[in-house]
Amino acid sequence: MTEVIKGRVWKYGDDVNTDVIFPGKYTYTINDPSEMAQHALEDLDPEFAGKVRPGDIIVAGKNWGNGSSREQAVTCLKAAGVSALIAKSFARIYFRNAINNGLPAITSPDAVEAIEDGEEIEIDLEAGEIRCKAGTFNFPPLPETVLGILEAGGLIPYTRKRLGIG
Amino acid sequence: MGHTFAEKVLALKAGLNEVTPGQIVEVEPDVALSHDNAAAIYGLFKKIGVDRIRIPERIVIVLDHAVPAPSTRHAENHRIIRQLVKEQGIGNFFDAGRGVCHQVLVEEGLALPGELVLGSDSHTPHAGVMGAFATGIGRSEMAVVWATGRLWLRVPETMRITVNGRLPDGVTSKDLALKVIADQRSDGALYMSVEWHGEAIRALSIEARATLTNIMAEMGAKNAYIPPDERTLAYLEGRARREFTPIYPDEDAEYAVELEYDAGGIEPMVSRPHAVDNAVPISEVAGTHVDQAFIGTCTNGRLEDLAAAARVLEGRKVAPGVRLIVIPASREVYKAALKAGYLETFVEAGAMIESPGCGPCMGNHMGVPAEGEVTISTANRNFRGRMGTKESEIYLASPLVVAASAVAGRIVHPRDL
């Protein structure tokens with residue numbers, strides 16, 4: 001994976017739940033990633049799906065992704081081109097789903113406070129650094145298991161590798 | 001130093017002498033639960049490149065999220081699941097109409113004290129009512145469990161909640177849960193294991209306890225646990241599918257957070273739109289107009305819940321212009337409610353009774369609201385758009401309060417009917 005992620009920021013608040021990231025009514029009727037992307041954040045920010053660009057980064061408050069275990073709340077953002085998530089904290093199943101789909105999820109309350117909506121920022125996963133207009137913020141390195149899954153591009157390819165398939 | 005329930009059960013399942021919070025362990029689940037998302041999981045499973053499910057005897061699939069199928073696409077999803085069940089020889093498959101997966105898992109004696117349950121649903125902590133360690137995971141993770149029989153978990157810190165005294169008459173475990181969530185907020189137990197202790201918990205029926213473990217997902221918890229006691233063992237008599245050994249926390253276990261509540265001080269609570277932790281005593285929202293009332297779900301669709309609603313509705317009518325929808329959480333509950341006469345009471349009152357499943361809880365069918373309408377529900381979530389349109393409002397409460405509100409056409413304390 002790319003060691004340094006660069007992108008434009010979409011900033012949101014606290015406690016954004018999976019129902020507004022990807023509505024439950026679509027969970028058994030929409031399976032195509034590009035169609036999922038069209039409904040990303042539909043009930044939170046109706047402008048997002050039309051204006052998001054590949055590489056964009058979501059920066060959010062505490063408890064991002066609370067609620068349902070639906071993995072589409074991660075895959076719709078990935079399909080929309082989102083390259084990373086930074087939050088004050090993540091709901092636990094959401095965090096696992098993000099990592100398991102190869103989408104870096106970084107916890108950094110200080111960086112979230114400092115970063116402004118729309119600015120361009122950089123994330124250096126290896127160095128554990130977020131670089132934004134307000135300065136550089138460090139985050140604790142991700143656990144080895146988690147990094148291994150991200151490097152493989154997600155849990156499915158990681159498991160294939162471990163099982164010696166492909 | 002002693003260990004919490006979570007530390008003891010995860011050490012056992014990881015094959016280690018002891019574990020500490022923060023440690024990442026690889027565990028073998030006793031049960032792997034899925035529902036309508038099993039078709040998507042099978043797609044991911046095939047991507048891994050393994051032909052056969054490694055532990056078919058530990059897989060449980062219950063169709064509940066959209067049953068009976070409301071559209072051709074939903075029906076196709078169910079068809080794929082029935083096919084995979086056949087292909088992979090999964091014995092513990094429960095087709096449409098059996099009930100909501102969490103309720104069915106417990107009724108079928110498939111989640112037992114001291115066991116590890118992984119479920120591809122966020123309300124999997126429900127099974128902690130039996131003294132199991134039960135936690136929600138994603139679809140990709142379930143695909144890996146199907147392929148390998150194993151998964152990584154982070155050993156959680158533990159929150160101990162002790163509830164002393166007794167709940168007053170007309171106050172239920174739902175009210176207790178909403179009070180605790182209102183105090184601790186939606187991330188109060190983020191990543192944590194929650195243990196419920198105290199005389200007020202021991203005094204609750206298994207059905208009422210299940211509401212507590214189920215809804216801890218709304219406080220961010222990884223799992224929730226109620227120590228198995230004589231009620232648990234009596235419930236499992238004739239149900240348990242396997243031998244089991246209960247696990248209890250050590251007396252000197254170390255807790256990250258310890259809370260105490262006095263049950264006698266709890267009053268009926270209502271969660272306001274659009275968050276579960278936005279809960280207040282009913283007096284603060286009494287009088288709010290409602291268009292629809294819904295009694296059901298894995299949170300409050302059990303016999304005791306229907307009995308409470310029937311007591312309120314006996315000899316009364318649903319207010320003109322209000323729809324009341326009742327969905328028993330399982331076929332077992334449905335049959336018992338039929339026998340007890342509750343269903344007749346509901347029909348006499350003007351309610352609609354639908355077949356067991358999740359119903360309108362996440363906006364699929366069987367009573368979704370129109371834009372601008374207000375629903376009062378016994379479910380566990382009231383997020384914006386949850387029931388289909390973001391232009392509607394959902395209030396959450398106990399079955400007593402929901403039934404009373406259906407009669408009044410506004411949110412009302414049952415004693416004020």
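The model is predicted, so local features need pLDDT of at least 70 and side-chain atom pairs count only at pLDDT 80 or more, while totals for chains, interfaces and linings use all residues. Residues are numbered from 1 along each chain as its sequence is written, and chains are lettered from A in the order in which they are written.

**Chain B overall**
- Chain B has 14 helices and 18 strands, where helices (H or I, at least four residues) and strands (E, at least two) are DSSP runs numbered from the N terminus.
- Its C-alpha atoms fill a box of roughly 60 × 50 × 40 Å, taken along the principal axes.
- Of the 417 residues of chain B, 62% count as buried, meaning that 20 or more other C-beta atoms, placed from the backbone, lie within 10 Å of the residue's own.

**Helix H1 of chain B**
- Helix H1(B), residues 5–14, is mostly covered, with 9 of its 10 residues buried, including B:Phe5, B:Val9 and B:Leu10.
- Just after H1(B), B:Gly15 takes a positive phi of about 70°.

**Strand S3 of chain A**
- Strand S3(A), residues 84–87, is covered on both faces, with A:Ala84 and A:Ile86 buried on one side and A:Leu85 and A:Ala87 buried on the other.
- Strand S2(A), residues 57–60, runs parallel to S3(A) and is joined to it by 4 bridges, pairing being defined by at least two DSSP bridges; here A:Ile57 stands opposite A:Ala84.
- S3(A) also pairs in the parallel sense with strand S4(A), residues 105–107, over 3 bridges, and A:Ile86 stands opposite A:Ile106.

Conventions. A residue is buried if 20 or more other C-beta atoms lie within 10 Å of its own, exposed if 12 or fewer, and partly exposed in between; C-beta atoms are placed from the backbone.
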